[in-house]
Amino acid sequence: MIVTWRIGLRIALVMIVAIVLQVSFFSYLTLFGTTPNIIPLVAVTLGLLGGAMVGAICGFALGFVLDSTLFATLGVSSLVLLAVGYLAGRYREGTEISNTLLPPILIGVLTMAASVGFSAIQLMLGVDVQVSLLILREIFVQGLLAFLLAIPFYPLIRRVLRPGIVDDVVAGRRMRTPIRAGSNRPRRRASRRRITRIRRATGVS
């Protein structure tokens, strides 16, 4: 991703909107017995679109702002979201994404990894968490909901950040190049015909 100041503002806007939606809307929903969490979804999406560095920085910023908003332990969300954003970016840098279902699948898997990371860090910090098989069910449902929410959210975020995505910029240039090349061919043919006529008229071979 080509991160200019305009793309940086768009990324910041995406993160702010995601946090506002999570705190004011999704945190009040209950689907399949759990609450949807779009923050890991956004961190993984930014990693898939921007690479490892963008994913890590955005994941850390999302976690820090989220913990500050919810008055939670600072650093827990930042560490987990930094990790999943970085992993998504590393995968994007090493593999070409050609299947439209691959981003939602990756988002679902890494959201489950983020849920496991949250639970593990809370246990290590001594936070009272009920450990049972229901946690595994909740982690699976979190990944499933992330997969379903990624189907509309991933294309939307990609559209917002399209001017800075390298693949889209290169594809746009490739689409313009044949048209320009084709438009120059008639001019070259016309100039060759004129040169031939001039040589015939002057007797120069």
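The expected span is 1.5 Å times one less than the number of residues. The model is predicted: local features need pLDDT of at least 70, side-chain atom pairs count only at pLDDT 80 or more, and totals for chains, interfaces and linings use all residues. Residues are numbered from 1 along each chain as its sequence is written, and side-chain values use heavy atoms, with hydrogens and water left out.

Helix α2 is mostly covered, with 12 of its 12 residues buried. Buried means under 20% relative accessible area, exposed means over 50%, and partly exposed lies in between (1.4 Å probe, protein chains only). The buried residues of α2 include I39, P40, L41 and V42. The buried set also includes T45 and the glycines G47 and G50. G51 follows α2. The phi of G51 is positive, near 105 degrees.

Helix α1 spans residues 5-24. It has 20 residues and reaches 28 Å from its first C-alpha to its last, close to the 28 Å expected at 1.5 Å a residue. In α1, I7, I11, V14, M15, A18, I19 and Q22 are buried. They cover an arc of only 125 degrees around the axis, which puts them on the same side of α1. The arc is that of the directions from the helix axis to the C-beta atoms. Exposed residues W5, R6, L9, L13 and I16 sit on the face of α1 turned away from its buried side.

Aromatic contacts come next. A pair of aromatic rings is described by the distance of the centres and the angle of the planes. Rings of Phe, Tyr and Trp (its six-membered ring) pair if their centres lie within 6.5 Å; planes under 30 degrees apart count as stacked, over 60 as edge-to-face and the rest as tilted. By this rule the count is three aromatic pairs. F25 and F26 form an edge-to-face pair, at 5.0 Å centre to centre and 80 degrees between the planes. F25 counts as partly exposed at 43% relative accessibility. F26 counts as buried at 8%. The rings of F60 and F64 have centres 6.5 Å apart and planes at 15 degrees, so this pair is stacked. Both residues lie in helix α3 (residues 52-70), four residues apart, about one turn of the helix. F60 is partly exposed, with a relative accessible area of 42%. F64 is partly exposed too, at 40%. Ring pairs also link F25, F26 and F153 into a cluster.

F60 and F64 belong to a nonpolar surface patch of about 630 Å². V65, L74, L82, Y86 and L87 also contribute to this patch. Patches are made of residues with over 30% relative accessible area and no salt bridge; like charges are joined within 9 Å, nonpolar side chains (Val, Leu, Ile, Met, Phe, Trp, Tyr) within 5 Å. A salt bridge is a side-chain nitrogen of Lys or Arg within 4 Å of a carboxyl oxygen of Asp or Glu. Accessible areas come from the Shrake-Rupley method with a 1.4 Å probe. Helices α3 and α4 (76-94) each supply at least two residues of the nonpolar patch.

I105 lies in helix α5 (residues 102-124). Its relative accessible area is 43%, so I105 is partly exposed. I105 and L144 are 39 residues apart in sequence and 9.0 Å apart in space, C-alpha to C-alpha.
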